[in-house]
Amino acid sequence: MTSIVIETENLTKIFGSKLIAVNNLSLKVEEGEILGFLGQNGAGKTTTIRLLLGLIKPTAGDVSVFGERMNSNSSNLRKRIGYLPTNPRFPPKMTPIQYLDFVGKLFYQSKDERMGKLSKLIRAVGLLPSASREIKGFSTGMITRLGLAAALMNDPDLLILDEPTSGLDPAGRKSTLELIQELGKEKTVFISSHILSEIDRICTHISVVDEGKSIFLGSMKDMKKRTQSNTLRLELEGNLNLVFENLRNKSGVTTIVKRGEIGLDMSYDSSLSMLEAVRIAIDATAKCGSELISISSSTSSVEDAFLDILKEEESRGFLRAV
Amino acid sequence: MLADMSTLFRSKLTFAWFIAAIFLELVRVLGSGSAGTTSSVVSAGLSDFVLIWSLIMIGMTASAVSSESGEFADSVMSKSVTRFDYLFAKFSSRIIYVLAMYGAISAVIVGLTLGIVKNDYQIYGLISSLLLVALALIVLTTMGVAFSTFSPNTIIAIVSLLVVWYAMMFFFPLVKLEFLSPANLITLLPGIIRGNWTTTLWNTIVGWTSISVACTGLSAIYFYLKDV
């Protein structure tokens, strides 16, 4: 039976009687999950993370990590957590070696332990050539990688990453996500982001937060099922109009919509299985002398599911208070 | 604490302060000539800490916590560090730094003075004067770190501390609390060095110690309760 690593119950944070940043947030993260904490800018993601770490106190509700209540003096719990803040800042005159050594001291590690770990981590995050350079000259990508190394210095059981790809170029983003995915095999990961494609790519579970409240918590599969429908998305090279006309008259095909220069969305009724629908699409394409570039089930995207969840939440109106 | 102290001692400001202080004391001692006495020259040198070098100390101490508010504090406080550990490290590092600089510079002052000008000091008076000024600097340091804890803005912390420190000098005598005024200590220093100890100095010691303890205690409570 997997244990619960993070649990919040009706967690609320109100800043100065003016701003409700987190609003009765209840969520659970089990051991081994990679939870994507998804929400728009200003939804309360960073505030929630700071509550999880005990950096700020909740106005109401509870936070438990590893089964114990988190508060400002829970250093024993934070010993098992690795945290990467958004846009981490480091002492500019320190080098990565000096900074990671300093972090190791904060965890009361012996010199041997610190030196061994920091060498391994600096190499793992690709900062070996810059290990003795001052941090002040580092690029955003290098700062993020150093932050990740610092978050791993104590070999944590739980990794909390706040927008880890913020400011990174595509290559940097790809390598960071790959690293997180790899880490997720051994650790529980809590990753906050407003970038849907990242969450889609690496997370096993997702919590959607809107205006400080969790409006969805479940697996990625459950989330995508919400918008599953009988539609195929085709991309073709050739005579799009001919294929369009051909498919329109097929039995079982309910609607066919053009998308741009090369795309068609073909919806079919439940009398057809997906396999049959795919066969019809392929046959029609071949008959019209066109070439099929790609074919996919169009509704398995996190973006559609996310927007659907937001719309559903808004439509609940006063029922949101229940 | 060690990382903090390392940063402080390695800073260019520390080096500049040390050089400037030594140069000033050298000029003072050599300029005093045959008219100078130990009590006058040493008290003038020690007064510089209260009136001049206190500006540097205010800058160093009032930025202790406020300069790190934000991501850096998050990076430290999210580790296996309690609030008490963090604040204790700030207080300790600043006090040790100030006392180390004071010790080094005052050693030069006393060393130069004893060798050059006419001696009119009592050894216990000299030591008492050095310790009293050290206590004044500890008060300043604890107030600085406390103000830095209360205010997230370094500029506000520095300005507030400047106002309070100089208000203590000029306002306390007006309300019959002159024994708490650093300016009062400066006027008494030559006498203390010559061996004239007054009972009001015990009130000064108790009062300043209370201020330091109160600043430390209040800032610890506030820091524990506040959101980082």
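Predicted model: local features only at pLDDT ≥ 70, side-chain atom pairs only at ≥ 80, totals over all residues.

Me: OK, which domains is chain A divided into?
Reply: There are two entries: domain 1 covers 4-225 and domain 2 covers 231-297 of chain A. Their C-alpha centres lie 44 Å apart.

Me: Now the sheet in chain A. What's the strand order?
Reply: The order is β2-β1-β4-β5, in an open sheet of 4 strands with antiparallel pairing.

Me: And which strands are at the edges?
Reply: In chain A, those are β2 (19-30) and β5 (68-69), and each pairs on one side only.

Me: How do strands pair, in general?
Reply: Through backbone hydrogen bonds, and the strands can be parallel or antiparallel.

Me: How many bridges are there between β1(A) and β2(A)?
Reply: That antiparallel pair has 8 bridges. As an example, A:Ile14 sits opposite A:Ile20 of β2(A). The two strands form a hairpin with 3 residues between them, where A:Gly16 has a positive phi near 55°.

Me: What about β1(A) with β4(A)? How many bridges there?
Reply: 5 bridges join β1 (residues 4-15) to β4 (residues 60-65) in chain A, again running antiparallel. One to look for is A:Glu7, whose bridge partner in β4(A) is A:Ser64.

Me: Which strands does helix α1 of chain A touch?
Reply: Helix α1 (residues 45-52) packs on the sheet and touches β1, β2 and β4 of chain A. Its direction makes about 60° with that of β2(A).

Me: Switching to chain B. At what angle do α3(B) and α9(B) pack?
Reply: About 155°, with the axes of α3 (residues 38-51) and α9 (residues 182-193) 8 Å apart. Angles over 145 count as roughly antiparallel, so that is what α3(B) and α9(B) are to each other. Their crossing is right-handed.

Me: Which residues make that contact?
Reply: From α3(B), they include B:Val42, B:Leu46 and B:Val50. From α9(B), B:Ile186, B:Leu189 and B:Ile193 are among them. By class, the contact of α3(B) with α9(B) has 8 nonpolar, 5 polar and no charged residues.

Me: Last one: how many residues does each chain put into the contact between chain B and chain A?
Reply: Chain B gives 17 residues and chain A gives 19. On the chain B side, the largest share is 6 residues, from helix α5 (residues 71-77) of chain B.

Me: And what classes are on the chain B side?
Reply: The residues of chain B that touch chain A split into 7 nonpolar, 5 polar and 5 charged.

Note on methods. Residues numbered from 1 in each chain as written. Chains lettered and ligands numbered in written order. Axes fitted to C-alpha atoms, helices over the stretch in contact; angles between N-to-C directions. Parallel < 35°, antiparallel > 145°, perpendicular 65-115°, else oblique. Left-handed = near helix turned anticlockwise from the far one by under 90°. Contact = placed C-beta atoms within 7 Å. Nonpolar A, V, L, I, M, F, W, Y, C, P; charged D, E, K, R; others polar. Pairing = 2+ DSSP bridges. Domains from an automatic or database assignment.
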